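Please keep the viewer open as you read.

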Amino acid sequence: MKKNRKPYFSVPAAAYEGPQSRNPLAFRHYNPQESFDGKTLEEHMRFSIAYWHAFRGTGADPFGPGPIVRPWEAGRDPVSVAKVRMDAAFEFFTKIRAPFWAFHDRDIAPEGKTLAESNRNLAAIVAHAKQLQKATGVKLLWGTANLFSNPRYMCGASTNPDAHVFAYAAAQVKKAMEATVELGGENYVFWGGREGYQTLLNTNLKREQDHLAAFLHMAVDYAKEIGFKGQFLIEPKPKEPTKHQYDFDVASGIAFLRTYGLEKHFKFNIETNHATLAGHSFQHEIEVAASAKALGSIDANAGDLLLGWDTDQFNTDVKELTLAMVSILKAGGLGSGGFNFDAKLRRESIDAEDLFIAHIGGMDAYALAFKTARTILKEGKFEQFVADRYASFDSGYGKEIEKKKVGFAELEKLVLGKLGEPKPRSGKQEYLENLLNTYLH
């Protein structure tokens with residue numbers, strides 16, 4: 001970052017002013033240095049900024065080009081523009097007090113006319129990013145490759161029916177993994193944006209899934225070659241842009257990984273909006289991943305239930321986030337993962353100030369949810385209710401059921417004998433929902 005240059009943002013660095021503040025450019029709940037269990041809130045939350053939305057998003061939609069125009073986008077040489085854009089990005093990262101960032105390869109570096117040219121562009125920008133990381137202390141949460149935008153990937157990347165496209169995708173991921181290692185990335189993400197199908201009339205589903213698994217095994221092997229010690233993450237999504245994507249949700253992802261012997265190498269990067277599109281709640285997807293010890297990271301956003309597509313909005317729903325945070329904390333946290341703001345400004349929000357306001361709102365909502373969830377878990381009322389509800393499995397024949405020491409014949413004898421007819425017990429959902437509200441208000 002050049003010294004003594006004019007700032008790209010006239011907005012001051014975000015400061016913590018407390019819950020009573022009405023300053024839209026200050027934190028009300030996120031105090032990065034506040035300590036919990038020997039760790040700062042910054043260390044607990046591990047907030048990350050998504051480069052593709054924050055610095056490549058223009059507000060474009062299917063009905064028109066984007067109205068968001070930034071001054072650092074001017075220039076003829078794409079690599080030079082990319083460097084200036086990255087300077088602006090790191091100024092934003094530091095002013096918003098985000099310790100991490102995340103990228104796709106084609107977000108940060110322009111695609112060339114050939115793969116060799118693309119690789120040179122990426123190398124130049126990675127070198128620039130490395131200098132900025134050193135100067136600011138901002139780290140890379142994760143990197144990935146864009147295997148969905150270029151027309152070559154219109155029928156998929158690793159699941160493409162053309163082996164030539166598969167090979168090209170492999171070469172692109174190889175460089176993206178190398179870039180992630182060069183920048184000290186703690187994770188690497190695979191999102192199969194077009195790894196699926198539009199119609200089964202032209203698709204060999206089994207063969208495509210076999211190819212996807214082979215691709216992921218190649219990535220595992222290459223990670224060992226280059227010394228990548230980070231975590232591989234799968235990001236599920238059920239549809240869009242394809243009608244059906246093979247990484248539909250966490251449950252189908254677990255089944256896929258186990259089928260192909262990949263479960264030891266991958267965890268899940270769960271996106272709130274993708275959970276909604278799959279017909280699940282955000283908390284459900286977290287719980288499914290945690291139950292398989294495969295909870296890795298979070299793409300922090302939300303969708304609009306009235307629109308039904310991937311709107312990638314900033315999530316300020318404290319109730320939803322509190323429920324999610326309870327599950328995350330019960331699972332022991334996210335490890336090397338974090339909360340990456342895979343969220344974009346609305347098309348009508350064109351001011352640079354809006355970028356700050358949006359991220360501050362999201363960071364505050366997650367921080368408040370974190371604190372509320374800690375209180376809920378500390379008091380233990382919900383956990384005790386659940387424990388009591390399943391208490392019959394803690395001893396006697398219930399415990400023998402869980403230990404697989406009893407079968408149908410023995411259980412039939414018990415029911416025909418001393419047990420008789422079960423007495424229904426209330427699930428008390430309304431009581432629990434009301435109890436939750438006492439923590440939120």
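This is a predicted model: local features need pLDDT of at least 70, side-chain atom pairs count only at pLDDT 80 or more; totals for chains, interfaces and linings use all residues.

**Open spaces**

Let's start with the largest pocket, which has a volume of about 1,300 Å³. Its lining is made up of 49 residues, and those closest to the centre are Trp52, His53, Ala60, Asp312 and Lys344. Which elements supply at least two residues each to this lining? They are helix 2 (51–54), strand 5 (139–144) and helix 12. Helix 2 gives the most, with three residues. By class, the lining of the largest pocket holds 21 nonpolar, eleven polar and 17 charged residues.

The second largest pocket comes to about 630 Å³. Of the 17 residues lining the second largest pocket, Gln283, Leu323, Phe382, Val386 and Leu432 lie nearest its centre. Two or more residues come from each of helix 10 (282–291), helix 11, helix 12, helix 13 and helix 16. Helix 11 provides the largest share of this lining, six residues. The lining of the second largest pocket divides into eight nonpolar, four polar and five charged residues.

About 270 Å³ of space lies in the largest cavity. Its lining has 24 residues, and Phe190, Trp191, Gly192, Glu195 and Leu212 are the ones nearest the centre. Strand 6 (187–190), helix 7 (205–226) and helix 8 (250–259) are the elements that give two or more residues to the lining of the largest cavity. Helix 8 gives the most, with four residues. The lining of the largest cavity contains 15 nonpolar, six polar and three charged residues.

| Space | Volume | Lining residues |
|---|---|---|
| Largest pocket | about 1,300 Å³ | 49 residues |
| Second largest pocket | about 630 Å³ | 17 residues |
| Largest cavity | about 270 Å³ | 24 residues |

On the helix 11 side, the contact is made by Val318, Leu321, Thr322, Met325, Val326, Leu329 and Lys330. Helix 12 brings ten names to look up, namely Ala365, Tyr366, Leu368, Ala369, Phe370, Thr372, Ala373, Arg374, Ile376 and Leu377. The residues of this contact divide into 13 nonpolar, two polar and two charged.

The other pair joins helix 13 (residues 381–389) to helix 16 (residues 429–440), with an angle of about 160° and axes 11 Å apart. How do helix 13 and helix 16 run, roughly parallel or roughly antiparallel? The angle of about 160° is over 145 degrees, so helix 13 and helix 16 are roughly antiparallel to each other. The crossing of helix 13 and helix 16 is left-handed. Helix 13 makes the contact through Lys381, Phe382 and Phe385, while helix 16 uses Leu432, Leu435, Leu436 and Tyr439. Six residues of this contact are nonpolar, none is polar and one is charged.

Two residues tie the themes together: Phe382 and Leu432 are part of the contact of helix 13 with helix 16, and Phe382 and Leu432 are also among the residues nearest the centre of the second largest pocket.

Terms used. Residues are numbered from 1 along each chain as its sequence is written. Side-chain values use heavy atoms; hydrogens and water are left out. Axes are lines fitted to C-alpha atoms, for helices over the stretch in contact, and angles run from 0 to 180 degrees between N-to-C directions. Angles under 35 degrees count as roughly parallel, over 145 as roughly antiparallel, 65 to 115 as roughly perpendicular and the rest as oblique. A crossing is left-handed if the near helix is turned anticlockwise from the far one by less than a right angle, and right-handed if clockwise. Contact means heavy atoms within 4.5 Å. Ala, Val, Leu, Ile, Met, Phe, Trp, Tyr, Cys and Pro count as nonpolar, Asp, Glu, Lys and Arg as charged, and the others, Gly among them, as polar. On a 1 Å grid over the protein atoms alone, a cavity is a set of points where a 1.4 Å probe fits but cannot get out, and a pocket is an open set with protein on both sides within 12 Å along at least five of seven lines; lining residues have an atom within 4 Å of a point. Grid points are joined across faces, edges and corners, and a volume is the space filled by probe spheres set on the points.
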